[in-house]
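Take a look at the model below.

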Amino acid sequence: MQQVKAGDFAASVTLTGDVQARVQADLSFRVGGKIIERNVDVGDHVSANQVLARLDPKDLQTNVDSAKAEVFAEQARVTQTSAAFVRQQKLLPKATPARANTTRPRPPCAAARARSRPPRRNWPTPANN
């Protein structure tokens with residue numbers, strides 16, 4: 001028989017699992033890029049309109065240049081298609097091309113003009129950095 005003594009008792013417990021935040025914020029960014037400067041650290045208090053980080057402007061400028069090139073290419077297609085249509089209209093009285101061919105360039109003309117417009121609205125603006 002053993003004698004019972006009062007003492008400290010601490011049970012050893014080992015658990016596994018994931019630690020997760022109670023509140024999570026889904027973030028999205030208007031532009032991608034490489035962060036070249038970070039002005040705040042984890043846990044810092046921030047205020048509205050405070051600059052938190054700066055992105056490398058080279059990446060954004062590449063996107064702007066690419067969008068401009070797309071617009072210029074579409075504008076060239078509009079010019080080319082319009083010139084072909086005007087040429088066919090001038091040749092029509094001479095009965096050189098078939099009449100069916102003179103109605104074809106107009107839809108591509110309109111389509112080329114429409115394609116040249118959307119990229120301008122999607123241009124990233126370097127001022128957003």
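Is asparagine 49 buried or exposed? Asparagine 49 is exposed, because its relative accessible area is 79%. Here buried means under 20% relative accessible area, exposed means over 50%, and partly exposed lies in between (1.4 Å probe, protein chains only).

## About the model

This is a predicted model: local features need pLDDT of at least 70, side-chain atom pairs count only at pLDDT 80 or more, and totals for chains, interfaces and linings use all residues. Residues are numbered from 1 along each chain as its sequence is written, and side-chain values use heavy atoms, with hydrogens and water left out.

## Overall layout

The protein chain holds four helices and two strands. Their order along the sequence is β-β-α-α-α-α. Both kinds of element are DSSP runs, numbered from the N terminus: helices are H or I with at least four residues, strands are E with at least two.

The protein chain has 129 residues, and 16% of them are buried. It exposes about 11,500 Å², with 53% of that supplied by carbon and sulfur atoms. These areas come from the Shrake-Rupley method with a 1.4 Å probe; for residues, only the protein chains shown count as cover. Now take contacts (heavy atoms within 4.5 Å). Among those between residues at least 6 apart in sequence, 54% join residues at least 24 apart.

## The strands and their loop

Asparagine 49 sits in the loop between strand 1 (35-38) and strand 2. Its phi is positive, about 65°, although it is not a glycine.

Arginine 54 and glutamate 37 form a salt bridge, with their closest N and O atoms 3.6 Å apart. This pair links distant parts of the chain: arginine 54 is in strand 2 and glutamate 37 in strand 1, 17 residues apart. A salt bridge here is a side-chain nitrogen of Lys or Arg within 4 Å of a carboxyl oxygen of Asp or Glu. The count by this rule is three. Arginine 54 is partly exposed at 36%, and glutamate 37 is partly exposed at 35%.

Arginine 38 forms a salt bridge with aspartate 41, at 2.9 Å between the closest N and O atoms. Arginine 38 counts as exposed, at 60% relative accessibility. Aspartate 41 is partly exposed, at 46%.

Aspartate 56 lies in the loop between strand 2 (53-55) and helix 1 (57-91). Leaving aside neighbours within four places in sequence, aspartate 56 is in contact with Lys34 and Ile36.

## Helix 1

Helix 1 has 35 residues. From first C-alpha to last it reaches 51 Å, close to the 51 Å expected. That expected span is 1.5 Å times one less than the number of residues. Its buried residues include Leu60, Val64, Ala67, Val71 and Phe85.

Arginine 77 and glutamate 74 meet in a salt bridge (2.4 Å, N to O). Both lie in helix 1, three residues apart, about one turn of the helix. An α-helix has 3.6 residues a turn, so residues three or four places apart point the same way. Glutamate 74 is buried at 11%, whereas arginine 77 is partly exposed at 39%.

Threonine 81 also lies in helix 1. Threonine 81 counts as buried because its relative accessibility is 18%. A polar atom of its side chain lies 2.8 Å from the backbone oxygen of arginine 77.

Definitions and conventions: A polar contact is a pair of N or O atoms within 3.5 Å; within protein, one must be able to donate a hydrogen and the other to accept it, and residues adjacent in sequence count only if both atoms are side-chain atoms.
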